[in-house]
Amino acid sequence: MKASYLLPYKYKALGWILFVFGLISGGIVVFGGYDFDILKVNVISIYDEGGFLGGTKGFFNIIENSILDELAALSIIVGGLLVGFTKEKVEDEFIYKLRNDSLVWAIIFNYLVLAFTVIFVYEFSFFHVLVFNMFTPLLFFVIRFNFLKFKSDNDEE
Amino acid sequence: MKNRIKVERAELDMTQADLADKIGVSRQSINAIEKGKFVPSAVLALKIARLFKKPVEEIFSLEDQD
């Protein structure tokens, strides 16, 4: 079975750790109102248009920023990719099909949910939708894929 | 597509896991194929047929809706 862009199985555990850590710390960032003073470091900002969140207008500024949210986001992205796109213990064409089916399902489901929120969520609350929507395609995919695997595991003769 | 894997397996007294191990796929795959939920690739069908030492048509056959 050709599945060349899947990483080896050994990275899956690391993926789960990062993914769960990212989701928890991401939740803390969101429910804490995005305003944290911990982990403040100097970062390079390629472009900042200024505006209501403050900041220095212009290109390539060095700014001070709490990187808690950046770490959370990267953990979810890297962890989620590892969980979803590493090989299974026994990788075969059936698992490959489950993975593909889960991806299709996740994309469709994600955009149905997004369409619903576009119609029914307004003003600043929509900002939360945008934030969540950065990660929900990956999250829905991981949940669906593991649900299908679990179902076929328990689908005895 | 229907198949006789379960019958062939029973004749040789093999479990799904035995068959899966011999062919190098997961047990879930064999289960899904037997239940008709998953149509295997030609390569996998040929491997299964070779293991049972029978022509592939004897194990797999088309159904009306195929």
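This is a predicted model: local features need pLDDT of at least 70, side-chain atom pairs count only at pLDDT 80 or more; totals for chains, interfaces and linings use all residues.
The domain assignment places domain 1 at residues 1-88 of chain A and domain 2 at residues 92-157. Where the two meet, domain 1 of chain A contributes eight residues and domain 2 of chain A contributes eleven. On the domain 1 side, H2(A) gives the most, with four residues, and by class that side of domain 1 divides into five nonpolar residues, two polar ones and one charged one.

Let me stay with H2(A) for a moment. Helix H2 of chain A, residues 68-84, packs with H5(A) at an angle of about 30°, the axes being 10 Å apart, and because an angle under 35 degrees counts as roughly parallel, H2(A) is described as roughly parallel to H5(A). The crossing of H2(A) past H5(A) is left-handed. On the H2(A) side the contact is made by Gly80(A), Val83(A) and Gly84(A), while H5(A) brings Leu138(A), Leu139(A), Phe141(A), Val142(A) and Phe145(A). Of the residues in this contact between H2(A) and H5(A), six are nonpolar, two are polar and none is charged.

Now to the other partner of H5(A). H3(A) and H5(A) pack at an angle of about 135°, with 8 Å between their axes, which makes H3(A) oblique to H5(A), and H3(A) passes H5(A) in a right-handed crossing. The residues that H3(A) brings to this contact include Leu98(A), Leu103(A), Trp105(A), Ile107(A) and Phe109(A), and those from H5(A) include Phe140(A), Phe141(A), Phe145(A) and Leu148(A). By class, the contact of H3(A) with H5(A) has eleven nonpolar, three polar and three charged residues, with Arg99(A), Arg144(A) and Lys149(A) among those that take part.

In the contact between the chains, ten residues come from chain A and ten residues from chain B, and on the chain A side helix H3, residues 93-120, and helix H5, residues 136-153, each supply at least two residues. H3(A) gives the most to that side, with four residues, and the side of chain A that touches chain B is made up of three nonpolar, one polar and six charged residues. For the complex, the predictor gives an ipTM of 0.89 and a pTM of 0.89.

Helix H2 of chain B, residues 16-23, and helix H3 of chain B, residues 27-34, pack at an angle of about 115°, with their axes 8 Å apart, and that makes H2(B) roughly perpendicular to H3(B). H2(B) passes H3(B) in a right-handed crossing, and the contact joins Gln16(B), Ala17(B), Leu19(B) and Ala20(B) of H2(B) to Arg27(B), Ser29(B), Ile30(B) and Asn31(B) of H3(B). By class, four of these residues are nonpolar, three are polar and one is charged.

Finally, a word on confidence in chain B, where the pLDDT averages 93 and 100% of the residues score at least 70. Among the elements of chain B, the lowest mean pLDDT, 92, belongs to strand E1, residues 2-3, and the highest, 95, to helix H4, residues 42-51.

Notes: Residues are numbered from 1 along each chain as its sequence is written. Chains are lettered from A and ligands numbered from 1 in the order in which they are written. pLDDT is the predictor's confidence in each residue, from 0 to 100. Two residues are in contact if their C-beta atoms, placed from the backbone, lie within 7 Å. Ala, Val, Leu, Ile, Met, Phe, Trp, Tyr, Cys and Pro count as nonpolar, Asp, Glu, Lys and Arg as charged, and the others, Gly among them, as polar. Axes are lines fitted to C-alpha atoms, for helices over the stretch in contact, and angles run from 0 to 180 degrees between N-to-C directions. Angles under 35 degrees count as roughly parallel, over 145 as roughly antiparallel, 65 to 115 as roughly perpendicular and the rest as oblique. A crossing is left-handed if the near helix is turned anticlockwise from the far one by less than a right angle, and right-handed if clockwise. Domain bounds come from an automatic or database domain assignment.
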